[in-house]
Amino acid sequence: MKSTPKQASTEVSNPASADLWLGLQVRAMRKSAGLSLKELAEKAGLSIGMISQIERGAASPSIRSLRQISEALKVPTSLFFQEGDIPPANEIGRIVRNNARRIMMLRQNGVSKELLTPDFSGTVELLLIRLEPGGTSGPEYYTHKGEEAGLVLCGAIKLWVEEDSYILKAGDSFRFKSTLPHRYCSASDEVTEVLWVDTPPYY
């Protein structure tokens, strides 16, 4: 029986399991790089205690912390997306089924990101971003090359681009240059979903 999008999301949304999985990936990559907890903490600009908690699944990293860790390990942040079901050979690189999406869970931020494009190798990255009430990209502004655009599917977000802020509700869409400082947070007391496009891929 086919899963609906909501069912598929529920299957992978156990916060404790997501944190533990993410922590195991960080630990494995750190050891593969031959780094101690102290060395990774120094390279990532984080405390030893925070790295230790993340590796044990006792803490969920913020989006910024995860990027700092990936940069310190010299690996793409895309490696922290959990794999979905393996697609049939004739769909690889072209089709993403509902139960085969790669997912990143960031419990601390109240954010999950599902990759809707087959992989990270193309020039466009399509994500389904889900924000719990109070969910946020964090207090920091982000800048990177490219452009991004999106469509709010349900709920509402507050989007900051430079000094301007906007409340976007279901049906509203946006586009801006990624080189402009930006961030976002939930503006709803219900789950918010946003179809988000980055070009080139951010992860």
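1. Basis. The model is predicted: local features require pLDDT of at least 70 and side-chain atom pairs pLDDT 80 or more, while totals for chains, interfaces and linings use all residues. Residues are numbered from 1 along each chain as its sequence is written, and side-chain values use heavy atoms, with hydrogens and water left out.

2. Confidence. The protein chain has an average pLDDT (the predictor's confidence in each residue, from 0 to 100) of 88, and 92% of the residues score at least 70. Residues 1–13 have a pLDDT below 50; beyond near neighbours in sequence, this stretch makes 13 contacts in the model (heavy atoms within 4.5 Å).

3. Helix α3. Helices (H or I, at least four residues) and strands (E, at least two) are DSSP runs, numbered from the N terminus. G45, with a positive phi near 70°, follows α3.

4. Sheet. Three strands form an open sheet in the order β6-β5-β8, with antiparallel pairing (at least two DSSP bridges between two strands). Because β6 (164–169) and β8 (182–186) are edge strands with a single partner each, one side of each lacks a neighbour in the sheet.

5. Strand pairing. β5 (residues 156–161) pairs with β8 in the antiparallel sense over five bridges. W160 stands opposite R183 in β8.
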